Amino acid sequence: MSIFQGISYEEELKKNSELKDEDIQILKEWYKKQPHLPQITDAELALFLHKTTKTTIDSYFTIKTHVPEFFSNRDPLGSKELRKSFQTVTIQVLENKTPEGYAILYGRLIDPDPSNYVYNDTMKYLSMTLDLWLHREGTTNGHIILFDMKNVVFGHAARLNPVGLKKYLIYLQEALPVRLKGFHFMNITSVMDVILNMMKPFMKKELLDMLHTHTTLDTLSKFIPIDILPNETGGKAGPLMEFHKKTIKMLEENRDWFLQEETKVVNESLRMGKGKTATDLFGVEGTFKKLDID
């Protein structure tokens, strides 16, 4: 099976007026002097240009290397854990964007039994969905994360752990090459207070300012047109499970790409200066040491 190539750098230059070839060339010169990093394409470099670029690139590959529970064994066909996660949760990028051009990553339980929910596998599934979308679509005006809390109970919250939450929130804030414009939770109940109490210590002010919780569609509609949501959430976009099946099929069809991506890791023995460890990234007592890159 041939590996899907995704959006090309030439296509990115045509569609993104903010993208300047000279910026990419400067970034490539820096990248050539970073022997610990894996091979990075020009199209991938373009994804990082809207953030503190060099820091974000290093953080992206370093965190992926040191958090195997989220970023290893990502075989959508061969992993029993992933197959079970596909039956427990739906995670999808909605087909329609907001009027501002923001893409929406939507997640929701499809199996309400807490004993079937595994946080690490869900985060792996989420990262795969988003990684493939970025690879296919490239840059966009912005992204919104929307988690639908329908059927989430205290049994689900009990299966979360602060270390796992911390790792993903650090990755989201320090490394993921997206322009995050909103972080929303809909259909919330009292269990949301427990979850937020676990999350907030690891959230920076910028992310906290984007955080919104909604008990009704009225408040959500101020940020997202309800019509673009799946039918089951009160929208008109179409059946939730239809979109879910399309997402899983897309992940399966790109199995070879995921297997190739797993090889793109940092070689700490080649890093200039001292190599990074998981302790450097996430701390021993819960403190996070920020990656220091010139």
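**Exercise 1. List the buried residues of helix H9 and check the length of the helix.**

Solution. The buried residues of H9 are Gly 164, Leu 165, Lys 166, Lys 167, Tyr 168, Leu 169, Ile 170, Tyr 171, Leu 172, Gln 173 and Glu 174. Buried means under 20% relative accessible area, exposed over 50%, and partly exposed in between (1.4 Å probe, protein chains only). That makes 11 of 13 residues, and H9 is mostly covered. Helices (H or I, at least four residues) and strands (E, at least two) are DSSP runs numbered from the N terminus.

The model is predicted: local features need pLDDT of at least 70, side-chain atom pairs count only at pLDDT 80 or more, and totals for chains, interfaces and linings use all residues. Residues are numbered from 1 along each chain as its sequence is written, and side-chain values use heavy atoms, without hydrogens and water.

Next, the length. The expected span is 1.5 Å times one less than the number of residues. For the 13 residues of H9 this should give 18 Å, and the end C-alpha atoms are 18 Å apart, so the two agree.

Last, the N-terminal end. Asn 161 caps H9, with a side-chain oxygen 3.2 Å from the backbone nitrogen of Val 163.

**Exercise 2. Describe the largest cavity by volume and lining.**

Solution. A cavity is a set of points on a 1 Å grid over the protein atoms alone where a 1.4 Å probe fits but cannot get out; lining residues have an atom within 4 Å of a point. The whole structure holds 4 cavities of 30 Å³ or more. The largest cavity has about 470 Å³ of space, where a volume is the space filled by probe spheres set on the points.

Its lining consists of 26 residues; Tyr 117, Met 123, Phe 147, Met 149 and Phe 185 lie nearest the centre. Elements that each supply at least two lining residues include H9 (162–174), strand E3 (142–148) and helix H7 (119–137). By class, the lining has 21 nonpolar, 3 polar and 2 charged residues.

**Exercise 3. Is Asp 280 buried or exposed?**

Solution. Asp 280 is placed in helix H15 (residues 278–282). Its relative accessible area is 17%, so Asp 280 is buried. The side chain of Asp 280 reaches the backbone nitrogen of Thr 277 at 2.9 Å.

**Exercise 4. Classify the exposure of Asn 73 and Asn 151.**

Solution. Asn 73 lies in the loop between helix H5 (68–71) and helix H6 (80–88); its phi is near 55°. At 54% relative accessibility, Asn 73 is exposed. Asn 151 sits in the loop between E3 and H8, with phi near 75°. At 36%, Asn 151 is partly exposed.

Methods:
On a 1 Å grid over the protein atoms alone, a cavity is a set of points where a 1.4 Å probe fits but cannot get out, and a pocket is an open set with protein on both sides within 12 Å along at least five of seven lines; lining residues have an atom within 4 Å of a point. Ala, Val, Leu, Ile, Met, Phe, Trp, Tyr, Cys and Pro count as nonpolar, Asp, Glu, Lys and Arg as charged, and the others, Gly among them, as polar. A polar contact is a pair of N or O atoms within 3.5 Å; within protein, one must be able to donate a hydrogen and the other to accept it, and residues adjacent in sequence count only if both atoms are side-chain atoms.
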